[in-house]
Amino acid sequence: MLRYIYAEDLDDFPKLKRTMFLDRADQFKTRLGWEVNVDDTGEERDEYDAMNPLYVIWEKPDGRHGGSMRLLPTTGPCMVNDHFLDLTDGVKIQSPFIWECTRFCLARDAEPRTAGALMLGGGEVMHGFGVEHYVGVFDARMVRIYRMIGSSPEIVGAKGEGRDRISVGLWDFTEEARLLVAERAGISPSQSRHWFDLAFGGREHPSLARIA
């Protein structure tokens with residue numbers, strides 16, 4: 001199922017929390033070779049995890065992490081503005097209607113629908129919080145994954161060639177895209193909305209106050 005959990009509430013889900021940060025270390029450090037910080041317990045975190053982001057997490061039936069992504073408004077600190085301005089010609093992307101999506105992570109044994117489920121969850125956040133676009137930095141390998149899911153971004157800046165290409169993209173999420181992603185993921189739109197409502201009580205535009 002999809003869960004929507006603020007960082008300050010992760011301790012309520014110890015197995016999910018532990019396996020998410022372990023899977024992040026496995027994906028970003030071990031498999032991709034990124035220069036990320038892995039602590040003595042084998043978990044990967046950075047400074048943005050300390051800003052009480054909202055995590056969208058696919059939870060396996062046994063309570064372990066299957067996949068996740070991290071969301072923060074661009075009105076505060078975010079990776080695209082703090083570290084990747086060279087991709088946008090020095091132009092900061094800042095708007096209450098644009099959130100940043102980072103740390104898109106899939107467990108090694110993630111079921112095929114996990115990536116699509118996360119995209120659906122991101123769409124629910126857009127609808128529920130009044131967000132119009134996501135911005136994210138991604139490498140060349142993700143282009144195929146986004147195309148497979150059915151939700152490809154508009155590229156607003158890039159550098160590098162081939163497998164080394166790094167891009168900044170903007171996503172919207174039309175109703176047409178939502179239905180396509182839901183179909184490919186094998187998850188009904190009503191089920192996706194139900195999981196969001198479980199987290200936020202069916203409220204339209206939940207408060208942003210909890211995000212630092």
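Start by selecting glutamate 43 and arginine 45: they form a salt bridge, with the closest N and O atoms 2.5 Å apart. A salt bridge here is a side-chain nitrogen of Lys or Arg within 4 Å of a carboxyl oxygen of Asp or Glu. Glutamate 43 is buried at 9% relative accessible area, while arginine 45 is partly exposed at 28%. Buried means under 20% relative accessible area, exposed over 50%, and partly exposed in between (1.4 Å probe, protein chains only).

Before moving on, note that this is a predicted model: local features need pLDDT of at least 70, side-chain atom pairs count only at pLDDT 80 or more, and totals for chains, interfaces and linings use all residues. Residues are numbered from 1 along each chain as its sequence is written, and side-chain values use heavy atoms, with hydrogens and water left out.

Next, pick aspartate 109 and lysine 60. Their side chains meet in a salt bridge of 2.4 Å, N to O. The pair links distant parts of the chain, 49 residues apart: aspartate 109 sits in the loop between β4 and α3, lysine 60 in the loop between β2 and β3 (65-73). Helices (H or I, at least four residues) and strands (E, at least two) are DSSP runs, numbered from the N terminus. Lysine 60 is buried, at 11% relative accessibility.

Now select arginine 113 and glutamate 111, a salt bridge with its closest N and O atoms 3.0 Å apart. Then show Arg24, Glu44, Asp46, Asp49, Arg70 and Arg103 together: salt bridges that share partners join them into one network. The whole structure has 21 salt bridges.

Stay on arginine 103, in strand β4. Its phi is positive, about 50 degrees, although it is not a glycine. Arginine 103 is buried, with a relative accessible area of 10%.

Which other stop has a positive phi in a residue other than glycine? Select asparagine 52, where phi is near 55 degrees. Asparagine 52 lies in the loop between α1 (14-31) and β2 (54-59) and is buried at 9%. Alanine 50 is found in the loop between α1 and β2, but is exposed at 69%.
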